[in-house]
Amino acid sequence: MELAYIPSPSRGVIHLGPIPLRGYAFCIIIGVFVAVWLGNKRWVARGGKVGTVADIAVWAVPFGLVGGRLYHVITDYELYFSEGRDWVDAFKVWQGGLGIWGAIALGAVGAWIGCRRRGIPLPAWADALAPGIAFAQAIGRWGNWFNQELYGRETHLPWALHITSSTDGRVPGYYHPTFLYESLWCIGVGFLVIWADRRFKLGHGRAFALYVASYCVGRGWIEYMRVDDAHHFLGLRLNDWTAMIVFLLAVTYFVISAKKRPGREEVVEPDVSDGGTDGGDEPTAKEEPETDEPEATEAKEDAPEAEAVDMKKDEPESAKKS
């Protein structure tokens, strides 16, 4: 008998009349909100404008959701396109299944579009958002808890996850709560990026690269513990290989960026008002003294002649005759 364990919810959806409220969706939404909120604070602290992060997130988030779902469907295609499966289920995102690798990759494309429209550098925006993304992942992983999915090997530890569902091949029992391990790891990654960014003034995308590399380290060992079906290559799960490759790319970018572009961006968002009405009025105000100055000089030069004429007019008649 287990003395302690993490219980699983009996269901992951609550119906408010005809409207289904799904725990998985709520976790994703809350995570996005936290990422944008924290990213906005960091962006403003670096000299950016309030609302810029949210404006670009309007592009990045939809692209990220599509990318995350595409990665999951492609790497687990047999869940949707094999015999006895319904391909329509590939569109049911609320049932779970978002690959972080695809979400980050395609989300970066959306962010790039948004940054180009605002005329700001993508690496600087990514640096501001990096810890918020880690915290968003930490919150989003609890969506897997609501769906009773992505758990690890069987265990009898006090914090074991109690799986009660038997659908989709699940076997009720007590397992490693890998969703919790990854959630805690992501929280640590978020605080690591914040600390390193303050300590070393990371810029030009290096804070984001640190987030990616740190996450990959944790994802590697957590992925190794999972027991859900996955494609294997040379004895390792596909996501383990992905984590190793992405880790190497992130570290390589970090090193090269530090050598080529040390320090941090001085300006992250150009102020459009500099070239607008305010900027155009200043030269006019400065030019007025210049145009008035010669007139004042001429007035001074003409003053003696005027005085001489006045003096002649004021002379007595006797002085004029003499």
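Reply: Happy to! Strand S1 (residues 13-16) and strand S2 (residues 19-22) run antiparallel, and 4 bridges join them. Two strands count as a pair if DSSP finds at least two bridges between them. The strands (E, at least two residues) and helices (H or I, at least four residues) are DSSP runs, numbered from the N terminus. Please keep in mind that this is a predicted model, where local features need pLDDT of at least 70 and side-chain atom pairs count only at pLDDT 80 or more, while totals for chains, interfaces and linings use all residues. Residues are numbered from 1 along each chain as its sequence is written, and side-chain values use heavy atoms, with hydrogens and water left out.

Within the pair, isoleucine 14 has leucine 21 of S2 as its bridge partner. The hairpin leaves 2 residues between the strands, and glycine 17 has a positive phi there, near 70°.

H1 has 23 residues and spans 33 Å from its first C-alpha to its last, close to the 33 Å expected at 1.5 Å a residue; the expected span is 1.5 Å times one less than the number of residues. Among the buried residues of H1 are Gly23, Tyr24, Gly31, Leu38 and Trp43. Buried means under 20% relative accessible area, exposed means over 50%, and partly exposed lies in between (1.4 Å probe, protein chains only). After H1 comes glycine 47, with a positive phi near 105°.

H5 (residues 122-140) is mostly covered, with 16 of its 19 residues buried. It also has a kink of about 45° at leucine 129, shortly before proline 131; the bend at a residue is the angle between axes fitted to the seven residues ending there and the seven starting there.

Tyrosine 211 is in contact (heavy atoms within 4.5 Å) with residues including Ile104, Ala130, Ile133 and Val193, leaving aside neighbours within four places in sequence.

Finally, a word on confidence. pLDDT is the predictor's confidence in each residue, from 0 to 100. The protein averages 83, and 83% of the residues score at least 70. Residues 272-301 stay under 50, and the model has 4 contacts for them beyond four places in sequence. The pLDDT is also below 50 over residues 316-322, a stretch with 3 contacts beyond near neighbours in sequence.
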